[in-house]
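Visitor: I would like to learn how to read side-chain features in a model. Please take me through one case at a time.

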Amino acid sequence: MSVTFDNLGEAAQLELGMWPEGVPEGQHFTVVEVLPRLLELLATRKLKATFFVEGLNAEMYPDALHTIVDGGHEVAVHAWRHEEWAALDAGTEAALLGRATGAMRAIGIEPHGFRGPGGGLTERTLALLGEHGYDYVSPAGEREGLLDGLAVLPFRWPLVDAYFYLPQFAGLRERYGGGPDPLTPEEMQERMIAALKNHSEEEAGHLALLFHPFSVAFTGEHGWEALEQVLGETVRLAGAGAITMKRMDEAATQLLERPEELRYPPELDDATWMTQ
């Protein structure tokens, strides 16, 4: 299983036109305040994670990305400026992936993985990733596998922290059998730990937990405590030999090296955070 974090800095706010006029860029709270605390927490737990960050951050926060890498974590790509990936036309998709990949390489980081904002892919994404030398993709889905020479390591919407917290995820919460109202950090903690325990009993497949730096800040100390409890249970189960912890790139390498262990193709999910 893998612990992952999505989104960093003001990239998404810029893309959505939500960045306040007159506010300087380059000092976003998720980079200046949240990221150091996250990295300290991961170091304390001796846990290595994968951070999917927008390519824009390679230009705005190169030192922060190298701090992530220096901590033993993986930096992967999360679009250029948090564009809803599945909605892109062919020319825009190719240009944005090239720009994001080039920005990472320009600061000495070789990206191996890609997760598109919104969880979806286009019919061109896999081929484009292959052309740029990526090893894996992480869309929304239920089961890992191989497609077009790439490892596919999906995430599940009910194992995303923002699924619990944000009003915009009401449709997804209803889709998966809940009510439309946002939930608490304690409920997030309970469900993620339950998923970890189920995963440890199944002894098969790959499980990805997905957190957002802005979500931890948004939920305050209750959110930090919930995250710490989930990470603590992850480390406990790994120490007991019940689960195997891997960064996403490490999990992808295992799939690519042992294709004979896969009995079924990957199973993807066409739902997005805007599902009604």
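Predicted model: local features only at pLDDT ≥ 70, side-chain atom pairs only at ≥ 80, totals over all residues.

Visitor: Which residue forms a salt bridge with Arg175?

Guide: Asp270 does, and the closest N and O atoms are 3.7 Å apart. The cut-off is 4 Å, so the pair counts. Now place both ends. Arg175 is in helix H8, and Asp270 is in the segment after strand E10 (267-268). Asp270 has 70% relative accessibility and counts as exposed.

Visitor: How many salt bridges does the structure hold?

Guide: It holds 14. Glu93, Glu123 and Arg124 are linked in a network.

Visitor: Let us turn to rings. What describes an aromatic pair?

Guide: The distance of the centres and the angle of the planes. A search of the whole structure finds eight such pairs. In one of them, Phe5 and Phe51, the centres are 4.9 Å apart and the planes stand at 20°, so the pair is stacked. Phe5 comes from strand E1 (residues 2-6) and Phe51 from strand E2 (residues 50-53), so parts 46 residues apart in sequence are tied together. Both Phe5 and Phe51 are buried.

Visitor: Which residues do ring pairs link into a cluster with Phe5?

Guide: Phe51 and Phe211.

Visitor: What does an edge-to-face pair look like here?

Guide: See Trp157 and Phe169: 5.9 Å centre to centre, with 65° between the planes. Trp157 is in the loop between strand E8 (150-152) and helix H7 (161-165). Phe169 is in the loop between H7 and helix H8 (170-175), twelve residues apart from Trp157. Trp157 is buried, with a relative accessible area of 4%. Phe169 is buried too, at 6%.

Visitor: Which residue lies over the face of Trp224?

Guide: Arg37 does, at 4.1 Å from the ring centre.

Visitor: Now a helix. Which residues of H4 are buried?

Guide: Helix H4 spans residues 62-70, and its buried residues are Ala64, Leu65 and Ile68. Look down the axis. The buried residues fall within an arc of 100°, so they line one face of the helix. The face turned away from that buried side carries exposed Asp63 and Asp70.

Visitor: What covers the buried residues of H4?

Guide: The cover includes helix H2 (29-44), E2, helix H3 (56-60), strand E3 (74-77) and helix H5 (90-106). Just after H4, Gly72 takes a positive phi of about 90°.

Visitor: Last topic: nonpolar cores. What is the general idea?

Guide: In soluble globular proteins, nonpolar side chains tend to be buried together. In this model, the largest nonpolar core has 76 residues. Those with the most contacts inside it are Phe51, Leu65, Trp157, Leu209 and Phe211. H2 gives the largest share of this core, seven residues.

Visitor: Which residues are in contact with Leu209, leaving aside its neighbours within four places in sequence?

Guide: Met1, Ser2, Val3, Thr4, Leu159, Met192, Leu196, Val230 and Thr234.

Key
Residues numbered from 1 in each chain as written. Heavy atoms only, no water. Phe/Tyr/Trp six-rings, centres within 6.5 Å; stacked < 30°, edge-to-face > 60°. Helix = DSSP H or I, 4+ residues; strand = E, 2+ residues; numbered from the N terminus. Buried < 20%, exposed > 50% of the residue type's maximum accessible area, 1.4 Å probe, protein only. Lys NZ or Arg CZ within 6 Å of the ring centre and 35° of its normal. Arc of directions from axis to C-beta. Contact = heavy atoms within 4.5 Å. Core = buried A, V, L, I, M, F, W, Y, C linked by side-chain atoms within 4.5 Å. Salt bridge = Lys/Arg side-chain N within 4 Å of Asp/Glu carboxyl O.
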